[in-house]
Amino acid sequence: MYTEDLMEIRIHGRGGQGAVLAATLAAEVAFRRGYYPQAFPFFGAERRGAPVAAFLRYSRSFLMPRCRIYEPFCVVVFDAALPKEVILEGLKKEGILLVNASEDISPVWSEVAAGRKLYLVDASHIAADYGLLSSGMPLVSSVMLGALVKILQLAPLQVLEEALQGKIPQFERENLEGARRGYKEVKEVVQDAIFR
Amino acid sequence: MERKLMNGNQAAALAVKLSRVQVVCAYPITPQTSLVENIADMWARGTFPGEYVSVESEYSAMSYLIGASYAGARTFTATSCQGLAYMHELLHWAAGARLPIVLVNVNRAMGAPWSLEPDQLDSLSQRDTGWVQFYCANVQEIMDTVLFSFRLVEQTRIPCMVVYDGFVLSHTYEVVELPNQEQVDAFLPSPPSQGAFHPSRPQTIQAVTDSRYLSRVLQERHLSMIKVPGVVKEIDLEFQEIFGRSYPLAEAAGLEEAETVIVTAGSLAQTVKSTLYSLNGGKEKLGLLRLRLFRPLPGDEIASLLSRPGLKRIVVIDRNVSAGTGGIFAQELRALLQGTFYRGEIYELNLAGGVDLTPELLNKGLQALAGKSGSRGKIIWGVDL
């Protein structure tokens, strides 16, 4: 409508998991690829552990709307236990769903995706490999970011690594490694025709 | 020029640092909090050379700055909604005493009930305090307008409020061109000597006055305020020379051909602008007028921008309401256009309470208003559409 290459993404997580940080870092990657990004949090007070959302919009044109995102092309799920109806709200039929989940539960998510492209990455386990935990909650932000950059074909791994330099407040080495693993290990789930 | 991703609050904080502000005094309040946290953080790291003073309320923050400003310091504070209202009495004082203070207000709805939505009533309620008010539309403009304001207040000795939408701009990261310190120093010389207070020269100022003297003071303030649009234009020329960016008093887009002009302020304007040529299937010729300098309202400039023979209707989008009267920007525009060439209606699409303006809502609003003829003052509420 206003700009043909407009990309709109919504990230679902829990307060403290780094959804806002991931949106901001993805914006940094988009910026390095010549896009104008807008990254913003859900408007309101954030509480640890409570469901939160963060948003990212980017385009080759600065002239994008400034409203919140209601019909994202891509939804990223940090915590697979979040309510499915919240996750799917407004997600375009031709859109993409990226979930932090292991491959053995892919049938469940195929049904949820209902014909949309579906990608899974076992981010909680990868984060745990690097000790990325806070009060037992896996900090999957960087792993999910790596996966997101890969599935959107937003940038090569090297650009992602450069974008993260000096941008992560704590555990920089571990998060960099997590982002690399997310980038490399995210997989598209080939879905049965029945769900398409 | 270096470009970096940052949000509105970070941009304002960086502008304060680059402006070599000497005294910052503030009290945190959402959604302003990260702005003052950023300044406090720079202060704690030793990269902000000014004083950062924590106080127990916004009332004290403005009081402190009034004192610091009397003493000749370059001063800054920031707040939102209830915090700004709490400063109200002192906003009058700062303007009356002609103190060059810069304040950022991050728009947030006034309670009750409690809300975090970006309603504009907080800053608009301070319309008559005698402060200059700018409404910003993007993060770059926030940084530039804060820098600009220090120059403006020191030249005019009228305090200035830089206003932007809570969350929509305060918390949104986007690409900003960073000015460097040399550029800012060239634009903003040291704060002027202001005949500061000193214990060796005790004096009373702003003592009790009678109506004749007071009326002169108020007349002088009024006349000084009227000159502000001209001063802003002059300073903008220098700003453009140094930073390569320029800002109009009011932003116009597509006005030449427009049959309908949408008038709004702040970040709402970008949503309108981005959809200007595609709304309503592109059938209607639409234009945009964004109010940027709101106090003083540059009446001549706005009237001349709107002076187009093809103009059939004006639609004002307010994200505020003066209960019982309507949107405040719409009221201002009606007053401004009274007795001019424009004889058409001024319609209102009201988004009070922070209703989000999507291209779809804008389209619906324009269509709903199309059916309203001869109903001057009629409001369409976004929440009803």
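Author: The model is a predicted one. Helix α13(B) covers residues 328-337, and its buried residues are Ile328(B), Phe329(B), Ala330(B), Glu332(B) and Leu333(B). A charged residue, Glu332(B), is thus listed with the buried ones. After α13(B) comes Gly339(B), which has a positive phi, near 75 degrees.

Chain B contains 14 helices and 15 strands. It has 385 residues, of which 50% count as buried. For 385 residues a compact globule would have a radius of gyration near 21 Å, and the value for chain B is 21 Å, so the two agree. Taken along the principal axes, the C-alpha atoms of chain B fill a box of roughly 70 × 55 × 45 Å. Among contacts in chain B with a separation of 6 or more, 80% are between residues 24 or more positions apart.

Another part of chain B shows two helices side by side. Helix α1 (residues 8-18) of chain B packs with helix α7 (residues 139-156) of chain B at an angle of about 25 degrees, and their axes are 8 Å apart. Angles under 35 degrees count as roughly parallel, and therefore α1(B) and α7(B) are roughly parallel to each other. Their crossing is right-handed. On the side of α1(B), the contact is made by Gly8(B), Ala11(B), Ala12(B), Leu14(B), Ala15(B), Val16(B) and Leu18(B). On the side of α7(B), the contact residues are Val139(B), Ile142(B), Met143(B), Val146(B) and Leu147(B). By class, this contact of α1(B) with α7(B) has 11 nonpolar residues, 1 polar residue and no charged ones.

Tyr27(B) sits in the loop between β2 (23-26) and α2 (33-45) of chain B. Within 10 Å it has 22 other C-beta atoms, and the cut-off for a buried residue is 20 or more, so Tyr27(B) is buried. Leaving out residues up to four places away in sequence, Tyr27(B) touches Val55(B), Ser57(B), Glu58(B), Ala61(B) and Gly83(B). Cys81(B) is 54 residues from Tyr27(B) along the chain, and their C-alpha atoms are separated by 12 Å.

Chain A itself has 7 helices and 9 strands. Its radius of gyration is 16 Å, close to the 16 Å that the globule rule gives for 196 residues, so chain A is as compact as a globular protein of that length. The C-alpha trace of chain A spans about 40 × 40 × 35 Å along its principal axes. Of the 196 residues in chain A, 46% are buried. Of the contacts in chain A with a separation of 6 or more, 67% join residues 24 or more positions apart.

Helix α1 (residues 19-32) of chain A also packs with helix α6 (residues 157-164) of chain A, at an angle of about 120 degrees and with their axes 9 Å apart. That angle makes α1(A) oblique to α6(A). The crossing of these two helices of chain A is right-handed. Leu25(A), Glu28(A), Val29(A) and Arg32(A) of α1(A) make the contact with Val159(A), Leu160(A), Ala163(A) and Leu164(A) of α6(A). These contact residues divide into 6 nonpolar, no polar and 2 charged.

Gly146(A) is 38 residues from Lys184(A) in sequence, and their C-alpha atoms are 7.9 Å apart in space.

Technical notes: Residues are numbered from 1 along each chain as its sequence is written. Chains are lettered from A and ligands numbered from 1 in the order in which they are written. This is a predicted model: local features need pLDDT of at least 70, side-chain atom pairs count only at pLDDT 80 or more; totals for chains, interfaces and linings use all residues. Helices (H or I, at least four residues) and strands (E, at least two) are DSSP runs, numbered from the N terminus. The radius of gyration is taken over C-alpha atoms; the globule rule is 2.2 Å times the number of residues to the power 0.38. A residue is buried if 20 or more other C-beta atoms lie within 10 Å of its own, exposed if 12 or fewer, and partly exposed in between; C-beta atoms are placed from the backbone. Two residues are in contact if their C-beta atoms, placed from the backbone, lie within 7 Å. Axes are lines fitted to C-alpha atoms, for helices over the stretch in contact, and angles run from 0 to 180 degrees between N-to-C directions. Angles under 35 degrees count as roughly parallel, over 145 as roughly antiparallel, 65 to 115 as roughly perpendicular and the rest as oblique. A crossing is left-handed if the near helix is turned anticlockwise from the far one by less than a right angle, and right-handed if clockwise.
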